[in-house]
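Please look at the model below with its open spaces in mind.

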Amino acid sequence: MIYTIFNWFVKITGYIPQKLIFRMKVHYEDKAVQGRHIRSKAIVVSNHNHLFDFAVLLFAFPTRTLRCAVAEITYDKNIFMKLFLKLVGCIRVERESYDFSFLEKMKKILKCGGVVEIYPEARLPRKGEPTPLEFKPSFVYLALESGAPIIPVYSNAQIFGKNRERIVIGKPIDAAALYDSTLCEKENIKNITLYVRSKIIELGKKLEEECKEK
């Protein structure tokens, strides 16, 4: 409950500042299928460009509380960041120790009809690296075990940039429907992970085409 209250506090008090800072424009693969309101449990999966990507999606989906997986390095930046992340409901991920307990926490959230948010690249890209980086498959395991749809999101990496921050919300993906019973679990996990990554890349290309047309 405290997470929901604090999220609404942030959304209300931060509405005007984020309009000026992010200047976010939201695009859709098919708005009739998936808009900015998430109706039930879901796993939001996005490419990762900036430390404040989670803040952009917090305002992109204003009617739901997104419980975001955040790396320990972000929590440890300073006491104020740590407190903010806790209050907004983020879930700490200990990457160095390969601790996957965050998935159990997310499964409980999804079981209660909540929404979780994962950046499967697991880190920010270094200068010159082709993006998006390789996706880690944890979100696929989560989708298959929870039955929650995956909502793919593409971000154009323009937070604090000269151009507007633009995101594209894709249509939900049913991981179970992509599961091929003739293949082993490892192959299925790999294929679904690659499929979602390619879908997010596709959304990026769609955005480029839309911007060119304008």
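In this predicted model, the largest pocket holds about 870 Å³ of space. It is lined by 31 residues, and those closest to its centre are A71, R95, E121, A122 and R123.

The helices α3 (53-60) and α4 (72-75) each give at least two residues to the lining, as does the strand β3 (66-71). Of these contributions, the largest share is that of β3, with four residues. By residue type, the lining of the largest pocket consists of 18 nonpolar, 10 charged and three polar residues.

The second largest pocket has a volume of about 260 Å³. There are 16 residues around the second largest pocket, and T4, T65, R67, I109 and G114 are the closest to its centre.

Two helices, α1 (2-13) and α6 (101-111), each supply at least two residues to the lining of the second largest pocket. Here the largest share comes from α1, which provides four residues. The lining of the second largest pocket divides into seven nonpolar residues, five polar ones and four charged ones.

Taken in turn, then, the largest share of the lining belongs to β3 in the largest pocket and to α1 in the second largest pocket.

Notes: Residues numbered from 1 in each chain as written. Predicted model: local features only at pLDDT ≥ 70, side-chain atom pairs only at ≥ 80, totals over all residues. Heavy atoms only, no water. 1 Å grid on protein atoms, 1.4 Å probe; cavity = no way out; pocket = protein on both sides within 12 Å on 5 of 7 lines; lining within 4 Å. Points joined across faces, edges and corners; volume = space filled by probe spheres on them. Nonpolar A, V, L, I, M, F, W, Y, C, P; charged D, E, K, R; others polar.
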